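Here are my notes for a first look at this one. Have the model open beside you and go through the points in order.

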Amino acid sequence: MKKRYENPPIVEVVCEFQFVPGEIWDDAMPELIYEKINGNFPGKQQKIELSFNVEPLKNGVVQRVEPIVRNQFFNRDRTALIQTIPNLFILNQLKPYIGWENFKLMIMDNFSVYR
């Protein structure tokens, strides 16, 4: 029998897939993803972040700062969200934790949309 905690210790679980840069990220991709997941993840928002890159050269370094748009798609009660940026897919599950089997199913269903 599984033990039930009055105050479960798991506050958040995260599954993150990172990819080697390769294919070009089309700006239409987030909307195409949203069209397929909006039944379970109807809420959406975008955040602008900065990416800082430092590349060593023979005579010093090159520094680059680039804006990145992070797309976030929330389920109805905001206990789960999908986050996408080029070459990155993240699925977050907040309290209450839905268990590994349900979380795994959520990962598989939504990662296939991102792919």
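**Notes on the model**

1. Start with I98, which sits in the loop between strand 5 (88-94) and helix 2 (100-114). Helices (H or I, at least four residues) and strands (E, at least two) are DSSP runs, numbered from the N terminus. I98 counts as partly exposed because its relative accessibility is 32%; buried means under 20% relative accessible area, exposed over 50%, and partly exposed in between (1.4 Å probe, protein chains only).

2. Before going on, a word on what you're looking at: this is a predicted model, where local features need pLDDT of at least 70 and side-chain atom pairs count only at pLDDT 80 or more, while totals for chains, interfaces and linings use all residues. Residues are numbered from 1 along each chain as its sequence is written, and side-chain values use heavy atoms, with hydrogens and water left out.

3. Which residues make the nonpolar surface patch? I98 does, together with I10, Y97 and W100, and the patch covers about 350 Å². Patch members have over 30% relative accessible area and no salt bridge, with nonpolar side chains (Val, Leu, Ile, Met, Phe, Trp, Tyr) joined within 5 Å and like charges within 9 Å. The areas are Shrake-Rupley values with a 1.4 Å probe, and for residues only the protein chains shown count as cover.

4. Now the inside. The largest nonpolar core has 16 residues, and I37, F41, F73, I82, F89, L91 and F103 touch the most other members. Strand 1 (12-18), helix 1 (29-37), strand 4 (80-85), strand 5 and helix 2 each give two or more residues to this core. Helix 2 supplies the largest share, 5 residues. By core I mean buried Ala, Val, Leu, Ile, Met, Phe, Trp, Tyr and Cys residues joined through side-chain atoms within 4.5 Å.

5. Have a look at L91 in particular. Leaving aside residues up to four places away in sequence, L91 touches V13, V14, C15, F41, L81, I82, F103, M106 and I107; contact here means heavy atoms within 4.5 Å.

6. Next, the hairpin. Strand 2 (residues 43-57) and strand 3 (residues 60-74) are antiparallel partners over 15 bridges, and 2 residues join them in the hairpin. I48, for example, has V69 of strand 3 as its bridge partner. Strands count as paired if DSSP finds at least two bridges between them.

7. How many salt bridges does the structure hold? There are 4, each being a side-chain nitrogen of Lys or Arg within 4 Å of a carboxyl oxygen of Asp or Glu. R70 and E49 form one of them, with their closest N and O atoms 2.5 Å apart. R70 is in strand 3 and E49 in strand 2, so this pair ties together parts 21 residues apart in sequence. R70 is buried at 14% relative accessibility, whereas E49 is partly exposed at 27%.

8. R64 and E55 meet in a salt bridge at 3.4 Å, N to O, and a network of salt bridges links E55, R64 and E66. K44 of strand 2 and E31 of helix 1 are 13 residues apart; their salt bridge has its closest N and O atoms 2.9 Å apart. E31 is partly exposed at 38%, and so is K44 at 44%.

9. Last, is T79 buried or exposed? T79 is in the loop between strand 3 and strand 4, and counts as buried because its relative accessibility is 15%.
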